[in-house]
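Work through the exercises below with the sequence and the structure side by side. Each task is followed by a solution that goes step by step.

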Amino acid sequence: MQKTDTADLKAMREADLRGRSVRGGVATLASQAVKLLLQLGSIAVLARLLRPEDFGMVAMVLAFTGFFSRFKDFGLSIAAVQRADITDAQQTGLFWTNVLIGSGLTLGVAMMSPVLAWLYAEPRLLFIGLAMALTFFVSGLGVQHTALLRRRLAFSSLAVVEIFAVLMSTGIGVAVAIGGAGYWALVAMPLTSACILSVGSWWLCEWRPGRFDRNVEIRSLIAFGGRLSLVSLCGSIARSVDVFLIGWRFGATSLGFYSKAIQLSMLFVEQMNVSVARVAIPVLSSLQNEPERFRGYYRRGMQLLGSVSVPVSVAFFVFANELTLLVLGPQWVEAASIFRLLAPAALFEGLRAATGWVYVSLGNARQQLRWAIFSASVRVVCILIGGMWGVEGVAVGYSVGVCSLWLPGVIYCFRTSPVMLSDLARVLWRPFAAALIAAAIALSGALTSIPNALEIASWLHVLFDLATFGAVYGITSLLLPGGFSAARDMLSLRRELKFGERRV
């Protein structure tokens, strides 16, 4: 009888855990969708209130602080979540370590701000840098509280705080811009967001840090987090060289056009990656000792990601001019060609999860770091070569670097995993084929004949074109061999997440 009661209690706990996981996954996906809409709205409004030069100056500072941000929490938030068991004393040790790191980064950025102003010959960057430095200290105060909430699967509560932070920071940014403060609107937004996230995490989490104990063992956690930070740093270098090069050689206005184009092109794929990864990585991690189930879930996850990110990136390429005018306004027309040239990079950046999920879920951090160093070096070289032909040349170099490295990166990653290249080809060929067919029809002008005949407003024209493109893509995907089966397979992901019982 005792054993039966224990088994029932265990089953109830597992059922509760599955339920919380599903609710957390839904909350994460919903919050990312809301945040995407809010960010698109802020981009559209601020692009009409500020000048390209304003965005360019802030981008100069962000390219510089991006290196420091990779060490903002030194990977300790992930270390705290991943560790199976962590004591209150270790959590306290990590908290004070994060506070120390945040304070050091704030001081470091403040000290380097005069150098940044001298390097770009722009005195205003000094004060922008000093203000942005404060975000590191403020963020450090809330890292461990957020990590503890994630350990407890409190994704719904975190989603509310994140959405509130985006909403308030956008509101303050718009208010500052309307007040005529120019680029300070873009500085106020990250500061506001950091404050709200830290305060919100303290409010939601009842845990409070104690005094630091030097005898508590946290070295293994710091070592694990350090490797993750180095991988992130390599990516940051590859993603910042283009911004630094344009700002240094071509000035703030040119950088403003480039920064908005790359923000617009990467915004959706980054949000999509975050949403799917927060659900996929924990599940794949739990299946790392079951190769066949690992491969099956991996295929389904990549099928879902590819079915969304591929057509969106192709649509960015096809409708680059229309989307730039719709979202940013007529003063940003020079960004349209850059936006189109960055669309291929957005496509393969969106599919970078093909390797990221495998590295993280299998714990292959050293292999991931080796590839990160190599790929960052190649991408920097491509960007520097492209810079010889101006801003558009930089965009081409960025795309060439990202696209050319994707397949070799997949092959290198899969050699130590249960996943094979055929698994990826099996689920991605259909989205690519359907998106290219839809793009060919769109470029032929067939999609625009109806709205042209109706003489509807330009913004409705763009929305009609996008909706028609999506419809053609969806129908083509279903009609291609195995299309209906693939659609049913993606729908079964919900059952896999909820019950964890179906064999793949």
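Contact here means heavy atoms within 4.5 Å. The model is a predicted one, in which local features need pLDDT of at least 70 and side-chain atom pairs count only at pLDDT 80 or more, while totals for chains, interfaces and linings use all residues. Residues are numbered from 1 along each chain as its sequence is written, and side-chain values use heavy atoms, with hydrogens and water left out.

**Exercise 1.** Find which residues leucine 305 touches, not counting residues up to four places away in sequence.

Solution. Begin with the position of leucine 305, which lies in helix α11; helices (H or I, at least four residues) and strands (E, at least two) are DSSP runs, numbered from the N terminus. Next, its relative accessible area is 0%, so leucine 305 is buried, where buried means under 20% relative accessible area, exposed over 50%, and partly exposed in between (1.4 Å probe, protein chains only). With those sequence neighbours set aside, leucine 305 touches Met272, Asn273, Val276, Val310, Gly350, Ala353 and Trp357.

**Exercise 2.** Determine which members of the largest nonpolar core touch the most other members.

Solution. A nonpolar core is a set of buried Ala, Val, Leu, Ile, Met, Phe, Trp, Tyr and Cys residues joined through side-chain atoms within 4.5 Å. The largest one has 116 residues, and those touching the most other members are Leu125, Tyr258, Tyr298, Met302, Trp357, Tyr398 and Leu424. Helix α10, residues 252-286, gives the most to this core, with 17 residues. Taking methionine 302 as a case, and not counting residues up to four places away in sequence, its contacts are Leu351, Ala353, Ala354, Trp357, Leu424, Val427 and Leu428. A second core of seven residues is separate, and includes Phe95, Val99, Leu149 and Cys205.

**Exercise 3.** Work out how the rings of tyrosine 298 and phenylalanine 414 are arranged.

Solution. Rings of Phe, Tyr and Trp (its six-membered ring) pair if their centres lie within 6.5 Å, and planes under 30 degrees apart count as stacked, over 60 as edge-to-face and the rest as tilted. The structure holds 13 aromatic pairs. One of them joins tyrosine 298 and tryptophan 357, edge-to-face at 6.2 Å centre to centre with 85 degrees between the planes. This pair links distant parts of the chain, since tyrosine 298 is in helix α11 (residues 291-318) and tryptophan 357 in helix α14 (residues 353-362), 59 residues apart. For tyrosine 298 and phenylalanine 414 the centres are 5.9 Å apart and the planes stand at 85 degrees, so this pair is edge-to-face. Here too distant parts of the chain are linked, as phenylalanine 414 is in helix α16 (residues 390-414), 116 residues apart from tyrosine 298. As for burial, tyrosine 298 counts as buried because its relative accessibility is 0%, and phenylalanine 414 is buried with a relative accessible area of 6%.

**Exercise 4.** Decide whether serine 201 is buried or exposed, and list its contacts beyond four places in sequence.

Solution. Serine 201 lies in helix α8, residues 184-204. Its relative accessible area is 1%, and therefore serine 201 is buried. Leaving aside neighbours within four places in sequence, serine 201 is in contact with Gly142, His145, Thr146 and Leu149.
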